[in-house]
Amino acid sequence: MDADDFETARPRLLAVATRMLGSAADAEDAVQEAWLRTDRAEGTVDNPTAWLTTVVSRICLDRLRARRDTAPLDDVEPADPAPGPDTQAELAESVGAALGAVLDDLAPAERVAFVLHDVFAVPFDDVAAILRKSPAGTRQLASRARRRVAGAPRPDAARADAIRAFLAASRDGDFTALVDLLDPDAVFRTHADDAPSTVLSGAPAIAEAFLFKAKTALVALVDGLLGYTVRLPGAPGYLLLGDVTFSPDGRIAALDVTLRADEVAGSEVVPL
């Protein structure tokens, strides 16, 4: 990895570190430490930004564990949770004093799980690898943090309607409606116990995969996040859980579906 890769990722790394540590100065130190580790690393990296995010996150986790008191962040309006590269650094000042104070009270692992998944849309599998925990345990950490940060969940009605429309279009086999509801660059990730995780990219390919599916799917809060679930008729529990991420214009940007038994059984599901 060269210096150009690091400089490209730097705004995101500073945003992640500042959100976790609550201090721009501490964030700068953490990112600098990540660069020193990177400079000593050997070999090539397929995804430098993802690799550096993991390094910075682990540095922040170590520092949070070493000192539980962090300074609150500046009082500004919350930023878009999934910004483009040019606005990543603005996330560093997006929490607000009240939210910053709540984050300060979270356990280190809870804070890392919440910041990476809920703010930066990092998939739970990747967060789990950073925390060296199971995906199910990571979901629970994020769920506990979310309840403390936001209180009782209040689902966004427009986004809930978008998920309902997507599931209805899937049931009806309406390819055009499915494509219209998806971001053109949407991704569909699946995770199962007995098979490797898979990724499908692009609205047309995802729409094709969802044709005449979702027969018993319903909108739900999954560990406090708006998504969907499937329960087979007469079955005691849920078959799968779907985590839905939206783009700034309200289209579905990512669908993360898990069929892993421990994650499904360990998640809090509230049908809507």
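1. What is the handedness of the crossing of α5 and α6? The crossing is right-handed. The model in which this is seen is a predicted one, and the points below should be read with that in mind.

2. Confidence. Mean pLDDT for the protein is 80, with 81% of residues at 70 or more. Helix α10 has the highest confidence, at a mean of 96, while helix α4 (residues 97-104) has the lowest, at 55. Over residues 69-98 pLDDT stays under 50; for this stretch the model has 57 contacts beyond four places in sequence.

3. The α5/α6 pair. Helix α5 spans residues 108-119 and helix α6 residues 124-131. Their axes lie 10 Å apart and the packing angle is about 150°. Angles over 145 degrees count as roughly antiparallel, so α5 is roughly antiparallel to α6. On the α5 side the contact is made by A109, V112, A113, L116 and H117; α6 contributes F124, V127, I130 and L131. Sorted by class, this contact has eight nonpolar residues, one polar and no charged residues.

4. The α3/α5 pair. Helix α3 (residues 48-66) also packs with α5 at an angle of about 150°, here with the axes 9 Å apart. That angle makes α3 roughly antiparallel to α5. The crossing of α3 and α5 is right-handed. From α3, the residues T53, S57, L61, L64 and R65 meet P108, A109, R111, V112 and L116 of α5. The class count for the contact of α3 with α5 is six nonpolar, two polar and two charged residues.

5. Seven strands form an open sheet of mixed pairing, in the order β2-β1-β6-β5-β4-β3-β7. Strands β2 (198-201) and β7 (269-271) are the edges, each pairing on one side only. From one strand to the next the twist averages 25°.

6. The β1/β6 pairing. Strand β1 (residues 182-191) and strand β6 (residues 252-258) run parallel and are joined by six bridges. Where T190 is concerned, the bridge partner in β6 is V257.

7. Helix α10 on the sheet. Residues 203-210 form helix α10, which lies across β1, β2, β4 (225-230) and β6. The helix runs at about 50° to β1. As given under point 2, α10 is where confidence is highest.

Definitions and conventions
Residues are numbered from 1 along each chain as its sequence is written. This is a predicted model: local features need pLDDT of at least 70, side-chain atom pairs count only at pLDDT 80 or more; totals for chains, interfaces and linings use all residues. Side-chain values use heavy atoms; hydrogens and water are left out. Two strands pair if DSSP finds at least two bridges between them. Helices (H or I, at least four residues) and strands (E, at least two) are DSSP runs, numbered from the N terminus. Axes are lines fitted to C-alpha atoms, for helices over the stretch in contact, and angles run from 0 to 180 degrees between N-to-C directions. Contact means heavy atoms within 4.5 Å. pLDDT is the predictor's confidence in each residue, from 0 to 100. Angles under 35 degrees count as roughly parallel, over 145 as roughly antiparallel, 65 to 115 as roughly perpendicular and the rest as oblique. A crossing is left-handed if the near helix is turned anticlockwise from the far one by less than a right angle, and right-handed if clockwise. Ala, Val, Leu, Ile, Met, Phe, Trp, Tyr, Cys and Pro count as nonpolar, Asp, Glu, Lys and Arg as charged, and the others, Gly among them, as polar.
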